[in-house]
Amino acid sequence: MIEVKNLTKGFGGKNAIEDISFEVGSGSIYGLVGFNGAGKTTLLKCIAGVYKPDSGEALIDSKNTFTCPAIRQKMFFAADSFLFPESTMYKTGKFFAGYFPNFSFEMLDKLCGVFGIDKNARLTSFSKGMLRQAELIAGFSAMPEVLLLDESFDGLDPAKRNLMNNLILDYTAEKNCSVIISSHNLHEISDICDRVALIDGKKIRMDRSVDDIGADRCKFRLVFDAEKNESDFSGFNIKKIKCEGKMVTLSLIGSKDENEAKLREMNPLLIEKFPLSLEEIFLEEMEGSDYDFREIFS
Amino acid sequence: MTSERYSLKTFGFTYLRALKKYLSIAFLICAAGILYMNRIFSVILQSRGASPEVMQAEKNARLFIFFDNSLNSGLTSIFFGLTWTVLAALLALFAYGFMLAPHSSNIRYSLGISRNSQFTARYLAVATVGFAGIFTSLLIVSAANAAFYGSSKELWITFAFLLFAHFTSFMFTFTLTAIAVVLSGHLFEAIIYSAVLNFSPSLINISLSTLLTTMTKGSPIKYMPLYSDYCTYLDVHGNILAKLNEGLFNYSSLLLAGLDENVCFDFYRGEIFNMPDFRKIFVAFCVTALLAALACFFHSRRKVEIAGVMGSANLLEGWSVVTVGTALAATMGSIYYDLEPKFVKLITVISGIIIMAVGYTVVDLMFRRSFKEYKKKIWHLPLEICVFLMIIFATGVIMNHAYMRIPAAEKIASISVSLPSNLNSARYNNISYTAEDEKIAIIGILSDSSEEKTVYEVFETADEINLIRSVNDSLNKSDKPGSLNIYIEYKLKNGKSVRRIFDKARLENVQALYPLIQSENFHRKELIHFNRKSEEFYCPVFVSPNGSSTVIPAELYNDEFMQADLKKAIWCDIRDGNMPFFADGGRKLLGYIAYSEYDQADYDDYDDSDENEVNENGFTKLKRDSTVNIGCFSDYSLIPVYEGMGSTLSFLKKNGLDSYFKDKYDIVKISRCIYEEGEQYFSNNATGLLSASIYPKNYEFELTDAETDTVKLLKPGLPDNAEVFTGEKDIAELSEKIRLNCLADDDGYCVKAEYENGDYILAYIPGSAAG
C-alpha cells in the first residue's frame, strides 16, 4: 500500500508539488494525469525515494521510501529513460537481480518472448517503443509489490499498448500490486486505472475513482428558438459553456437528471445529453492554464 | 529476508559489480607502476652495490627493462607518476559519474540500497583496484630486485613504505575527485572542480607559506620567491606545514617525487639505510579517510535534482575562488616583497579583492551562464572576500604578533644565530674563480645566500643572549627593508625551540651582531672549526692581494710537516686574536692563503708531470713551484694574512714563503671614485661585503639593451669622472690600501687598478683605510 502524506517538493524556491496526499491500496492502479510540467514525475520521484521531499512523506507499507532503502526492494520505478542503453536486456536483468530479491529470469524470458525482444541484443539498437517494452519487462521481472510507471506507454504501438494494459491488469490482480501510472494518454488511464488524480502544477485538483469521475458531470447540447447567452444560464453550476446563436453547448456539474429537468424548463427546441470523457474532463479542469491558440495569430 | 541481510547483499552486489567493472584499470595501474617504480628500485640496487660483483650485477640488470633508468628519466618519470593520479581521478568519475546524469541517477537512487552503502561499496571497490594494481607492480619490481640482488630487510621495508605512500596518494586523488563529483551537477563542472581540489593542498601550502613570509616578521619559513622549491625549505625549517607536507600538501608532485629522498637518497650516496618515516604517510592516510567520510556525508545529502545542471555547486565555487584567489594574491605580495612591509600587505589585500571579484565573476558566469543568476547569488562574493580577509588577518596580524614574540631571557638555554657569511668571510671567504684565455679572471662571489654555507653559531652567555634578543627586537621594529638574512633559533630550557627568520635585515642589524664574534667564547669555537676544516685541506695556495698571483710553493707542497706547521701558525693567530674579524682597512693585507678540498697539484696549469717525481708511496714531489689555475675550483677557504699575524708571518719568513704574496706585475695606474658612484659598476654588494673582480686586459661582458634587444660588449670600469693616479708615490700609497673584499661603507672608494701588462682589478678601499 502506498501512502502519500502532505508531500511538498520545490526547486529553486518554487514548489513543483505542494501538500499532496493520497493513498493507493494493494491491487489498485492509480492514474496521474496532468499537463507537461504539472509535477507528475516529481511526485513519482518523491515516492520512489529519488528526491528528498521538502516536507511530508511517501510511505510503502508504512515505511518511508526515502529514509528506508530496504523498502525500495519492493518497488520498481520505471523512469522515462532506460538505465544502460549500451547493455543488453539480459545484463540489465542481472543488474536488477542484485537489488530485487524476487527477480525472475523466467519471467524475463517469457516476457521477452511475448514482446519479441532479443534479450541478448544491445539496447542501443532498440527503438523508443522497444526500450519502453524492455523497461516494463524489467519491471515485471523484478516482481515488485509497487510499480511506478512514468509515461511508460509513450512510443508503444496500439497492439503493444493493449498487451501492456492487459499485463498490468493481470499482474496487479495476481500479485496484489499497487501501481501508479502517470500518462498523457487519458484513454489508457481510464481503461486500466481504478482511480485517477488530476494534478495541475502544484496540487491535486481531482482524485476520484474512474467510475465516479463522470457521475456529477454531464454535457448538454441545446437548440432554442431565440439567441441565448451565458447569463441566461446563471442558475446552473457551469463548467464550460459555448453559445453560438440559438445553439448552446454546456457542461454542467451536479445531478444529470436535475440539470436536465431545469434545462427543459427553458423550453429548448432540442436537448441532447452526453456523458463526459476523461479527456474532456481533463481539458475542462485544465481550462485557463493554456493559451487559446486561436488568439496567438490573431 | 531481514533488512540487515538485504543491505549486506545489495552492498556486496554493488561492490562486486564495481570491482568487476574497474578490474581492467588495475592492470593499467600495475603497468604504469612497474615502469615508474623501477627508478626507485634501481637506486636501491646502487645502494647495495658497494662490491664489484654487485655493481656488475647491476650493470647486467640494466638489460632487464624494469631496471632501465633511461625509461624513467625526466618527463617519462613525471608521465608515469601522473598516470596514477589521472587514473585515480578517472576512476572517481566512472564510479560516481552516474549521479551527474538525470536518467542514471533516477534509477540508482530508486534502488533498494542506501546512499551510504552505494557510495562506500564503490569506494571500496576502487580502493581494492588501486591497492591491487600498486601492490602487484611493487611486488613485481621488488621480486625482480630480490632475484637479481638478493632479498634484504631494507628492500621489504621500502616495499611496505612505497605501497603505503602510493596507495594513500592514489586514494587521496580519488577521494578529492569523488567530493568534486558528489558536489557537482555536471560532468564539466566536476572535472574543473576536481582539478581545483587536487591542487588545493599545493595552493594552500603556497598561500600560507607566502603569506607567512610576506605578511609577518620573523616567521620560521624562509622567503622563496615565486614558489621556487618551497618544500625543501619547509622541510628544512621543520614547521607544522612541513610535518604535513609530504603526506598532505603537494601530495601528488612532491609526495611521489619525495619518495626517492625518503627511502633512497642516502642509498644513492652510499650511505646507510634511511628508515622511511611512516608517520607522515599515516597522517595523510587519516586525512584521506576523513575526506572519504566527508564525501560520503555530502553524498547522503546530495540533491538528485541537480544532476545535469551546471552552477549548482556553490560550495566548490566558493572554495575555488578563495583558494586560487588567495594564492594569486599572495603571489602578488611576494612579487613586491622588497618593498616596505605595509606596502606589501596593502598590495596583497587590494590585489586579492580585485582577483576574487574578477575570478568570482568569471567562474560564476561560466557555470551558471545567466547574468540574472549571477546577480541573485552575488552575495556569495562578499562572503568569499571575508574569508580571504580572515586569512590575511590570521597571517598578517595574529601570526605576525605570534612571530614577534621574543622568549624571555631566563627561559632561554642557548641561541643559534646564522652569521651572514660576510662576517666569516674575512677569514674563510668562499670564492669561485673563472679562467679565460690563460689570463686569470677572478670574480669573487660571496656565498651569503647559500644555506649550507651559512654558519650557525651557538651562544649561551647572558650577555650574548641579551644582545641577540635586542637585535631580534630591533628587527621586529624595523620597517625599512634590507637584503640580508639573519636566522635566530632559541633553544628553550623546556626543550622546545623557537625559530625566527628575517630575510629583509639591514646592514646595521648585522653589524649589531659583531660583538658576538669578538668574544672569547667565539674564538674558542672558531679554533675548533678551523682545526676540523683544516684536516680536509690539501696544500694551500698563496694568493697575492689582488689575486693575480696564485702559487703552490714546491717546498711547502713536498713537506707535510711544513704544511702542518703553517696550519698551526694560523691556528695560533686565530687563538690570539691576531686575525681581524673582517676586512680591516686599518691593517695592511699581505695576501691570502687559499685552502681547497682538492689537491691543487692535480690541476696544475703547467703540465710538467714528467719533471716531477713520484715516490714509492705514489706521492708526487714538485720540482719547482706550481702555478695553479684556481679557476678549476669552486670552493675555497681564503684566509687573509694581515700585518700583525705574528705566528703566521714568522713561519712564512722562517721558511722563505713571504715572497709569494707579491704581485707579478706592477700597478701603473689607479682610478678611484667614491663608493656610491662606483657601486653600479660592481656586483655582489647586496650582502654588504664588497668583493673584487680581476680581469684580463681584453675582458668584455655582454649587456643586453632591453629597448633595442641588441647585445653590447662592455668593459668593466669606473665612471668617466673617476680620479686618476699615475704617480709612483700615489700608486704605492693607494695600492697598500686596496682590498679584494671589505664591508661596504659610505666613506669607501671603488678602485680600478691597472697593471703594466694590461690586466686590471676592480677593488675597494674601505673608508677606515682611506683616512
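This is a predicted model: local features need pLDDT of at least 70, side-chain atom pairs count only at pLDDT 80 or more; totals for chains, interfaces and linings use all residues.
Visitor: Hi! What volume does the largest pocket have?
Guide: Hello! The largest pocket has a volume of about 790 Å³.

Visitor: And how many residues line the largest pocket?
Guide: The lining has 26 residues. Nearest the centre of the pocket lie Phe84(A), Glu86(A), Arg17(B), Lys21(B) and Arg108(B).

Visitor: Which helices each supply at least two residues of that lining?
Guide: From chain A there is helix 2 (89-97), and from chain B there are helix 1 (3-47), helix 3 (75-96) and helix 4 (102-110). The largest share, eight residues, comes from helix 1 of chain B.

Visitor: How does the lining divide into nonpolar, polar and charged?
Guide: The lining of the largest pocket has 13 nonpolar, five polar and eight charged residues.

Visitor: OK, on to helix packing. At what angle do helix 12 and helix 15 of chain B pack?
Guide: Helix 12 (residues 314-335) and helix 15 (residues 380-403) of chain B pack at about 45°, and their axes are 10 Å apart. Helix 12 of chain B is therefore oblique to helix 15 of chain B.

Visitor: Is that crossing left-handed or right-handed?
Guide: The crossing of helix 12 and helix 15 of chain B is right-handed. On the helix 12 side, the contact includes Val321(B), Val322(B) and Ala329(B), and on the helix 15 side Val387(B), Phe388(B) and Ile391(B) are among the residues involved. By class, this contact has six nonpolar, four polar and two charged residues.

Visitor: How about helix 22 and helix 23 of chain B, at what angle do they cross?
Guide: The axes of helix 22 (residues 560-575) and helix 23 (residues 646-654) of chain B cross at roughly 155° and come within 7 Å. Angles over 145 degrees count as roughly antiparallel, so helix 22 of chain B is roughly antiparallel to helix 23 of chain B.

Visitor: Which residues make the contact?
Guide: Helix 22 of chain B brings residues including Met562(B), Leu566(B) and Ile570(B), while Phe651(B) and Leu652(B) are among those from helix 23 of chain B. The contact has seven nonpolar, three polar and two charged residues.

Visitor: Last one, in chain A: how far apart are the axes of helix 3 and helix 5?
Guide: The axes of helix 3 (residues 105-115) and helix 5 (residues 158-175) of chain A are 11 Å apart, and the angle is about 150°. That makes helix 3 of chain A roughly antiparallel to helix 5 of chain A. Here Leu111(A), Val114(A) and Phe115(A) of helix 3 meet Lys160(A), Leu163(A), Met164(A) and Leu167(A) of helix 5. This contact of chain A has six nonpolar residues, no polar and one charged.

Conventions:
Residues are numbered from 1 along each chain as its sequence is written. Chains are lettered from A and ligands numbered from 1 in the order in which they are written. Side-chain values use heavy atoms; hydrogens and water are left out. On a 1 Å grid over the protein atoms alone, a cavity is a set of points where a 1.4 Å probe fits but cannot get out, and a pocket is an open set with protein on both sides within 12 Å along at least five of seven lines; lining residues have an atom within 4 Å of a point. Grid points are joined across faces, edges and corners, and a volume is the space filled by probe spheres set on the points. Helices (H or I, at least four residues) and strands (E, at least two) are DSSP runs, numbered from the N terminus. Ala, Val, Leu, Ile, Met, Phe, Trp, Tyr, Cys and Pro count as nonpolar, Asp, Glu, Lys and Arg as charged, and the others, Gly among them, as polar. Axes are lines fitted to C-alpha atoms, for helices over the stretch in contact, and angles run from 0 to 180 degrees between N-to-C directions. Angles under 35 degrees count as roughly parallel, over 145 as roughly antiparallel, 65 to 115 as roughly perpendicular and the rest as oblique. A crossing is left-handed if the near helix is turned anticlockwise from the far one by less than a right angle, and right-handed if clockwise. Contact means heavy atoms within 4.5 Å.
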